[in-house]
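Student: I would like to learn how to read a few backbone and surface features. Could we go through them together?

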Amino acid sequence: MTLEKLEKNPVLEAMATRRSIRRYKPDMVPADLVNTVMEAGLYAASGRGSQGTIILAVTDKVLRDRLSALNCRIGGWKDDFDPFYGAPVVLIVLADKSRPTALYDGSLVMGNLMLAAHALGLGSCWIHRAKEEFEGEEGKALLASLGIEGDYEGIGHCILGYADGDVPAAAPRKEGRLFHID
């Protein structure tokens, strides 16, 4: 399928044109847009329809910066690096560890979040190390302070905001990745 064919359908076009954004304006995303993105995440497919994922929206700058510093330490970067690239909103996807499809279910939620953000004119990027964050004492304490019970695995952070600069163009797709068995 060529890009021209993808662009004739809004869902397929969003899939073809969404890009990871790594530089954000400081402007806060309105709550209704954050909620719309989160709601879209809830419609991701899940193993046996279990819906065993939760999404935390972090818009509080103090907590956002605390999570950024924790993520930075886990990643091994210098203290002044922001692994959230200045994005004012961090959506954290967690999945119920008791579900055998937890990682896959959470990954589908992440995909929905990023596509929804793009469809609404927002930038997004999947940031890793949520697993390590929420296996540690600080992450577990955060969940407990929010009243979240259960055994959850951090799947990822979907950072949201307004791109500071141009959205990068898609790299050409690598050849030899599609196979047909007729």
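Tutor: Let's start with arginine 48, which counts as exposed because its relative accessibility is 85%. Buried means under 20% relative accessible area, exposed over 50%, and partly exposed in between (1.4 Å probe, protein chains only). This is a predicted model, where local features need pLDDT of at least 70, side-chain atom pairs count only at pLDDT 80 or more, and totals for chains, interfaces and linings use all residues. Residues are numbered from 1 along each chain as its sequence is written, and side-chain values use heavy atoms, leaving out hydrogens and water.

Student: Where is arginine 48 placed?

Tutor: Arginine 48 sits in the loop between α3 (31-42) and β1 (53-58). Helices (H or I, at least four residues) and strands (E, at least two) are DSSP runs, numbered from the N terminus.

Student: How should I read the phi of arginine 48?

Tutor: Most residues other than glycine have a negative phi. Arginine 48 is not a glycine, yet its phi is positive, about 55°. Tyrosine 85, also not a glycine, has a positive phi of about 50°. Tyrosine 85 belongs to the loop between α4 (61-75) and β2 (89-96).

Student: Is tyrosine 85 buried, partly exposed or exposed?

Tutor: Tyrosine 85 counts as partly exposed because its relative accessibility is 26%.

Student: And what about alanine 16: buried or exposed?

Tutor: Alanine 16 has 16% relative accessibility, so it counts as buried. Alanine 16 is part of helix α2 (residues 10-17). Its C-alpha atom is separated by 26 Å from that of proline 30, 14 residues apart along the chain.
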